Amino acid sequence: MLASIAFELGQPFIEIKEPLPRTEPFPARLNFDSRLPFDIPEPVSGLAPGRDNDVLAPLPVESNHFEHRLAELPRLAPPVSDEDEPPTEEAPEAEPVGEHGQPRHQAHHAPGTRPLHRSGARAGCLHLAAFYRRPRGHYAGPGWPAKVRLPPVAEYDAALERMRSASAWFAGAIAISATGVGIELGLFEALREKGAATPAALAAMLSLDPHAVGVWAMTLVHHGLLDPAGVGEVALAAGVELLVCDPRTPLYMAPLFEFHSRFLGRDFAELPRFFREGDPRPPARHGLPLVRNVAAQTAAMQEAFVSAMSSELPEAGEALAAGGLLLDAGCGAGGLGIRLCQQLPAARYLGVDLDELAVAEAKERIAAAGVAERARVEAMALEAVLNGSADAAIFFLSLHEFPPGTRLPSLVAVRQALRPGAWLLVLEELYPATPLEALAERSRAAIQFQYEELLWGSHLLTRAGLDSLLREAGFTEIVNRPMLGGNVDLVLARVS
Ligand SMILES: C[S@@+](CC[C@H](N)C(=O)[O-])C[C@H]1O[C@@H](n2cnc3c(N)ncnc32)[C@H](O)[C@@H]1O
């Protein structure tokens with residue numbers, strides 16, 4: 001059996017050059033077509049050194065045990081270029097072609113690496129699938145244990161695709177965690193100030209564990225948020241300052257990283273219990289840090305929304321500019337009111353929320369912004385708002401958090417609070433109604449938010465669900481205006 005050590009992004013894996021007979025006696029001897037360029041560490045369970053160019057594999061391989069042993073082999077060399085590839089007697093594999101005739105996987109084939117579809121391996125990890133890759137239509141591998149079903153070719157290829165997606169998810173989870181930790185601990189800020197620093201210097205500066213900071217730096221260099229700089233130093237990669245350090249641009253995503261790394265990790269750990277018991281844990285348990293985090297997440301959207309309101313809905317914009325009152329149902333920390341009063345110097349604002357912590361925070365922020373004369377926030381039910389007092393009303397990404405039983409009475413109360421002819425604006429991520437709709441790109445945000453807030457008891461509405469709820473509450477002239485590529489909808493409804 002001819003085999004060779006190959007590299008994918010610097011990681012070694014064994015490439016089988018010819019199909020192995022399933023009758024191969026175990027342990028099998030894999031003969032390499034050149035001398036192994038390293039010593040097999042001793043002991044590496046799962047692999048044993050053979051003669052000069054041999055590795056003994058104690059087969060049958062029943063798990064991905066073998067792959068992990070391979071991963072333990074030393075990192076040897078930079079990725080080989082295709083030109084360096086040892087000669088093979090195999091006919092070259094035809095480039096797999098996608099549905100529409102385009103070559104598949106091209107995007108993964110970085111210069112100096114082998115195309116991923118040929119090996120099934122990927123940076124930093126070795127997969128059994130690579131070991132079992134299928135040269136010239138055969139399943140190759142050092143023998144399949146009897147209990148392993150040989151999948152049809154299409155299923156095998158589909159599994160490889162899924163495996164690649166899963167690899168990206170795992171990498172993404174690590175990148176989110178590392179970025180969130182870096183924001184929380186001030187590591188990005190420190191790098192911004194210093195320009196470049198060694199992880200040890202960063203650790204000393206912030207009194208952090210040097211090993212942990214070293215791992216943080218390597219991880220984010222790997223994921224492209226940090227660049228190697230100087231000897232052993234790292235620096236922020238281009239664009240990262242805008243992404244995590246500068247709250248004045250719409251590209252600022254630090255609150256989202258914080259949301260995931262600080263709050264959702266804890267929530268997700270409780271999901272199995274929630275699935276069994278169906279007993280939600282309201283977000284209030286995360287306290288003021290989450291109230292502030294949500295306010296930071298929605299700030300840029302609120303600013304853009306207030307700026308766009310006059311053109312999106314001139315009637316409401318003009319009424320507010322002329323000193324009208326906006327009722328904000330589920331106002332959170334009141335950011336919308338601050339932006340409204342800052343942009344429209346005569347507008348008035350009433351924010352209502354049941355979360356007393358959020359209301360207290362809103363009051364402080366409104367006072368600090370100097371708009372307390374025109375902006376008021378109350379911890380009360382919407383039913384308590386005075387009839388006919390509002391010139392416009394809004395649910396700004398809040399209706400999905402209202403428990404289903406409270407939605408109709410809340411909408412009826414808002415309708416009654418509006419003067420005749422006034423508009424209600426509902427900004428929402430609307431949930432796909434069918435699995436087919438879940439496939440659509442415009443469902444992306446709703447799918448994400450619904451899952452993120454599942455434990456809280458949030459139920460996102462569908463387009464049809466919101467439409468019928470608004471009609472039931474007595475609104476008319478209902479119009480949907482998809483925004484942000486359709487990921488968020490602005491739904492307008494009028495009091496007749
Ligand atoms: C995602 S937050 C949005 C906050 C705010 N609109 C923003 O954009 O920052 C949803 C808010 O709805 C509030 N909420 C949920 N149910 C409510 C109800 N029945 N009455 C009033 N507010 C409610 C929550 O307390 C929370 O502050």
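How are helices H9 and H11 oriented to each other? This report answers that question, then turns to a sheet and a ligand shell. The model is predicted.

## Two helices side by side

Helix H9 covers residues 254-269. Its axis comes within 9 Å of the axis of H11. The two axes cross at roughly 150 degrees. Angles over 145 degrees count as roughly antiparallel. H9 and H11 are therefore roughly antiparallel to each other. The crossing of H9 past H11 is left-handed.

Which residues of H9 and H11 meet? On the H9 side they are Pro-255, Leu-256, Glu-258, Phe-259 and Phe-263. On the H11 side they are Leu-290, Asn-293, Ala-296 and Gln-297. Six residues of this contact are nonpolar, two are polar and one is charged.

## A sheet of seven strands

Now look at the open sheet of seven strands. Read across it, and the order is E10-E9-E8-E11-E12-E14-E13. The pairing is mixed. Strand E10 (375-378) and strand E13 (475-483) are the edge strands. Each of these two pairs on one side only. Neighbouring strands of the sheet are turned against each other by 15 degrees on average, direction ignored.

Strand E8 spans residues 325-329, and strand E11 spans residues 390-396. E8 and E11 run parallel, joined by three bridges.

## Helices across the strands

Which strands does helix H12 lie across? H12 (residues 314-321) lies across E8, E11 and strand E12 (418-428). It runs at about 115 degrees to E11.

Helix H18 (residues 463-472) lies across E12, E13 and strand E14 (488-495). H18 runs at about 155 degrees to E13.

## Around the ligand

How many residues lie around the ligand? There are 19. Those that come nearest are Thr-298, Gly-330, Gly-332, Asp-355 and Ser-398. Two elements give two or more residues to this shell: helix H11 (287-312) and helix H15 (404-417).

H11 gives the largest share, three residues. This is the helix that H9 passes in a left-handed crossing. By type, the shell divides into nine nonpolar, seven polar and three charged residues.

Technical notes. Residues numbered from 1 in each chain as written. Predicted model: local features only at pLDDT ≥ 70, side-chain atom pairs only at ≥ 80, totals over all residues. Pairing = 2+ DSSP bridges. Helix = DSSP H or I, 4+ residues; strand = E, 2+ residues; numbered from the N terminus. Axes fitted to C-alpha atoms, helices over the stretch in contact; angles between N-to-C directions. Contact = placed C-beta atoms within 7 Å. Near = placed C-beta within 6 Å. Nonpolar A, V, L, I, M, F, W, Y, C, P; charged D, E, K, R; others polar. Parallel < 35°, antiparallel > 145°, perpendicular 65-115°, else oblique. Left-handed = near helix turned anticlockwise from the far one by under 90°.
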